[in-house]
Amino acid sequence: MTGMAGEYENHILYHYTDFQALDGILHSAQLRVNNVLNMNDAEEMLYFMSGLCDAVAGRLEEEGDSERAMAVRELFQEELKKEFSYSSYAACFSLHRDDAAQWERYGNRGRGVCIAFQGRFLQQMAKGALSLQTVFYQDSMTEHNLTGVFYRLVKRKKELSGKSDDIKKAMNYAWSCSAAFKHPSFLSEREVRLVVSPFVKDDFAIKPCYHVTKERIKKYYPLDLKAMCGKLGIGWEELVPEIMIGPESTQSKSILQDYLRDNGLDGLAERVSMSNCPLRRSPA
């Protein structure tokens, strides 16, 4: 669900990654948001949309309105065929600092790095096609606010059409929210996502970029942190209160600090810390 204004006012959001990604973020002052369909959550986007459909249709069926319920299922069936037209892009954060599971899953098995971000600044940056969303962990969509939104839309319309402006707007919002949905088994991660939904705004100004590897081409959007911070009237280093070296990393703290100073990031050099997480993997 989309974060409400002020929801992250007192929160630090932690981005677990590797040192190559750290170098990319710091050198260019850019944060890459990657296609959710390329993550392990791709099926969960479809599960979210299907679950939303079932929740709305089920509510109508309980009222004996089988005709509208069928119309809802047909509407969503057509929408699901447009999956790739509604690709969202996301950068992932956790509310957990120095967390063993986060290091293991996302911080290069504890050999990477964790970059802390001020939640209040990310919240202020999240406008238009960019949203900061708390990940929704549920098997059923009956309690999601969008179930009520679609239910009310359906009840007041004589005919359902994906071309209707208000239904299209609701569908856009639903696809955007689907990028921040995960199975309840991941609830302990307490994840927050910075989501880019290019389809939300026709005048979305950020141009996509492509990363070419030996095996495939990946599409991503670069968020200009320096420019975004400038609009808030802050220096971009103020966005990052801490950089933490992973519990199994061989990275020297002093060398990372030299790296930051030599790249003109003196303020960040003073914010480097070492993980205290007792992560110790069993030998292979």
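Close-up 1. Arg73 counts as partly exposed at 32% relative accessibility, where buried means under 20% relative accessible area, exposed over 50% and partly exposed in between, with a 1.4 Å probe and protein chains only. The model is predicted, so that local features need pLDDT of at least 70 and side-chain atom pairs count only at pLDDT 80 or more, whereas totals for chains, interfaces and linings use all residues. Residues are numbered from 1 along each chain as its sequence is written, and side-chain values use heavy atoms, with hydrogens and water left out. Arg73 forms a salt bridge with Glu61, the closest N and O atoms being 3.5 Å apart; the term stands for a side-chain nitrogen of Lys or Arg within 4 Å of a carboxyl oxygen of Asp or Glu. This pair links distant parts of the chain, with Glu61 in helix H2 (residues 42-62) and Arg73 in helix H3 (residues 66-80), 12 residues apart; helices (H or I, at least four residues) and strands (E, at least two) are DSSP runs numbered from the N terminus. Glu61 is also partly exposed, at 40% relative accessibility. A further salt bridge is made by the side chains of Lys155 and Glu63, at 3.3 Å from N to O. Because Lys155 lies in helix H6 (residues 145-156) and Glu63 in the loop between H2 and H3, the pair ties together parts that are 92 residues apart in sequence. Both partners count as partly exposed, Lys155 at 36% relative accessibility and Glu63 at 41%.

**Close-up 2. The salt-bridge network that includes Arg193.** A search of the whole structure finds 14 salt bridges, and a network of them links Arg105, Lys182, Glu189, Glu191 and Arg193.

Close-up 3. His96 is found in the loop between S3 and helix H4 (100-106), and its side chain reaches the backbone oxygen of Ser188 at 2.7 Å. Such a polar contact is a pair of N or O atoms within 3.5 Å; within protein, one must be able to donate a hydrogen and the other to accept it, and residues adjacent in sequence count only if both atoms are side-chain atoms. Not counting residues up to four places away in sequence, His96 touches Tyr14, Tyr16, Ser188, Glu189 and Arg190, where contact means heavy atoms within 4.5 Å. Arg190 itself is placed in the loop between strand S7 (181-182) and S8, has a positive phi of about 50 degrees although it is not a glycine, and counts as partly exposed at 39% relative accessibility.

**Close-up 4. The aromatic pair Phe93 and Phe117.** The structure has 7 aromatic pairs, counted when the ring centres of Phe, Tyr or Trp (its six-membered ring) lie within 6.5 Å, with planes under 30 degrees apart taken as stacked, over 60 as edge-to-face and the rest as tilted. The rings of Phe93 and Phe117 have their centres 5.4 Å apart and their planes at 80 degrees, so this pair is edge-to-face. Since Phe93 lies in strand S3 (residues 89-94) and Phe117 in strand S4 (residues 113-118), the pair ties together parts that are 24 residues apart in sequence. Phe93 is buried, with a relative accessible area of 2%, and Phe117 is likewise buried, with a value of 0%.

Close-up 5. Ser178 is found in helix H7 (residues 165-178) and counts as buried at 1% relative accessibility. Its side chain reaches the backbone oxygen of Trp175 at 2.6 Å, and, leaving aside neighbours within four places in sequence, Ser178 is in contact with Met45, Phe48 and Met49. Of these contacts, Phe48 belongs to one aromatic cluster with Tyr47, Phe136 and Phe181.

**Close-up 6. Asn108 in its loop.** Asn108 is placed in the loop between H4 and S4, and its phi is near 50 degrees, a positive value in a residue other than glycine. The relative accessible area of Asn108 is 38%, which makes the residue partly exposed.
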